[in-house]
Amino acid sequence: MDVKYQVFVSSTFIDLQDERRGVIEQILNLGHIPIGMELFQAGDETQWSYIKRRILESDYYVLIMAERYGSEGQTGKSYTQMEYEFAIKNKIPTISFLLHSDARKSWPQSKIEFDKIAKVNKFRSLCEKKLVKHWRNVDDLNTKVIGSLVELIRERPMTGWVRADSVATSLALSEMSRLLEEKRILQEKLDRYEGENTTLKIPAEIQFHINSLKSKLLAEFIETEDNNFEIPEISMMETFLILSRALSTGSTEWNIKRRLAGELEISGMRIEISDVLAEYASRGLVGITHVQEHEFSKPHTEVYFTLTDTGKKLLLAIEYQKHIESSHPEMPET
């Protein structure tokens, strides 16, 4: 998966605008998400609480430091130092980029807080107990940021962010785990029955669904204006088996249609997937689950189609029939 990391960029603002801009561009070039509080004057507890939440959401923390200490809070510490210490306390991987000692000698006086030099030096000493790099100018800083971040991410990979459609939801993972355990238990029962030379009996209702779905074609649910295109003769039973994996973990109507079209290579044709799902639902094989999801902080309800207990029993029966046929090929189909 393409993982994007959120990187919190901290520094004094007035003296390091060009440097901040360059670092943010490099983070974007690496495909990650920079975040900074340069527009915030953290002068009250409410804003400071907001900044702390943003730091906790971040995967990495980057500090840029020159010759200004920055505005201070009630404790006498600058908000930049408070951010740094908060990141360290919460075990967020940090890397500090300190102005090189040679560059400090020629640094513009307008960018120096002479009355806070002692605090600047004390803060620098604190940073040097952790991972630090020293920079001389904007270009040197940009180069060091790229190399250092790549190395830090490789050595300490964090959770990061991925697209919602490229990773299973927590609901799907929970359901998958439950189904795997259910499969393990059923397999143990099957092995025990076979060891006792006992024949499993498929319920009449399940056998009815199997037979009727085998005789019903998916073509009834496909529309196309291309008369020269041969519609695949696939039964609704075969279709159910194709979709069973997506249905077992829960999937949206759009993803189900995409999966089926891709599997049958009929993406240019119109599949009435809602009617297909309605057919399975009318037999009690498929149910509907409503899940509230959040995208860009806007909650919305998504509809997921999942297998019912009857649908799972049907799949188990099909697997059992295949198992019996492979073990005893001379036996007729049940």
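Among contacts in the protein between residues at least 6 apart in sequence, what share joins residues at least 24 apart? The share is 70%. The model is a predicted one, and it has 334 residues. Twelve helices and nine strands make up its list of elements. Of the residues, 40% count as buried. The protein exposes about 19,800 Å², and carbon and sulfur atoms supply 51% of that area.

Strands of a sheet pair through backbone hydrogen bonds, either parallel or antiparallel. Here five strands form an open sheet with parallel pairing, in the order β2-β1-β3-β4-β5. The edges are β2 (33–36) and β5 (132–135), each of which pairs on one side only. From one strand to the next, the twist averages 25°.

Next comes strand β4, which covers residues 94–99. Five bridges join β3 to β4, and Leu 63 stands opposite Ser 96 in β4. Towards β5, four bridges join β4 to its parallel partner, with Leu 99 opposite Trp 135 in β5. Is β4 enclosed or exposed? Six of its six residues are buried, so β4 is largely enclosed by the rest of the structure. Buried here means under 20% relative accessible area. In a regular strand the side chains alternate between the two faces of the sheet. On one side of β4 are Thr 94, Ser 96 and Leu 98, and on the other are Ile 95, Phe 97 and Leu 99; all are buried, and both faces are covered.

Ile 33 and Gln 6 are 27 residues apart in sequence, yet their C-alpha atoms are 4.6 Å apart in space. Leaving aside neighbours within four places in sequence, Ile 33 is in contact with Lys 4, Tyr 5, Gln 6, Val 7, Ile 27 and Trp 161.

Helix α1 lies across β1 (6–10), β2, β3 (60–65) and β5, and runs at about 170° to β1. Helix α6 packs on the sheet as well, touching β3, β4 and β5; its direction makes about 160° with that of β4.

These two helices also meet each other. Two packed helices are described by the angle between their axes and the distance between the axes. For α1 (residues 17–29) and α6 (residues 138–155), the axes come within 9 Å and cross at roughly 35°. The crossing is right-handed. Which residues of α1 and α6 make the contact? From α1 they are Asp 18, Glu 19, Gly 22, Val 23, Gln 26 and Ile 27, and from α6 they are Val 138, Leu 141, Asn 142, Val 145, Ile 146 and Leu 149. This contact divides into seven nonpolar, three polar and two charged residues.

The buried residues of α3 are Tyr 79, Thr 80, Gln 81, Met 82, Glu 83, Tyr 84, Phe 86 and Ala 87. After α3 comes Lys 91, whose phi is positive, near 60°.

Technical notes. Residues numbered from 1 in each chain as written. Predicted model: local features only at pLDDT ≥ 70, side-chain atom pairs only at ≥ 80, totals over all residues. Heavy atoms only, no water. Axes fitted to C-alpha atoms, helices over the stretch in contact; angles between N-to-C directions. Helix = DSSP H or I, 4+ residues; strand = E, 2+ residues; numbered from the N terminus. Left-handed = near helix turned anticlockwise from the far one by under 90°. Contact = heavy atoms within 4.5 Å. Nonpolar A, V, L, I, M, F, W, Y, C, P; charged D, E, K, R; others polar. Buried < 20%, exposed > 50% of the residue type's maximum accessible area, 1.4 Å probe, protein only. Areas by Shrake-Rupley, 256 points an atom, 1.4 Å probe, with all protein chains shown as cover. Pairing = 2+ DSSP bridges.
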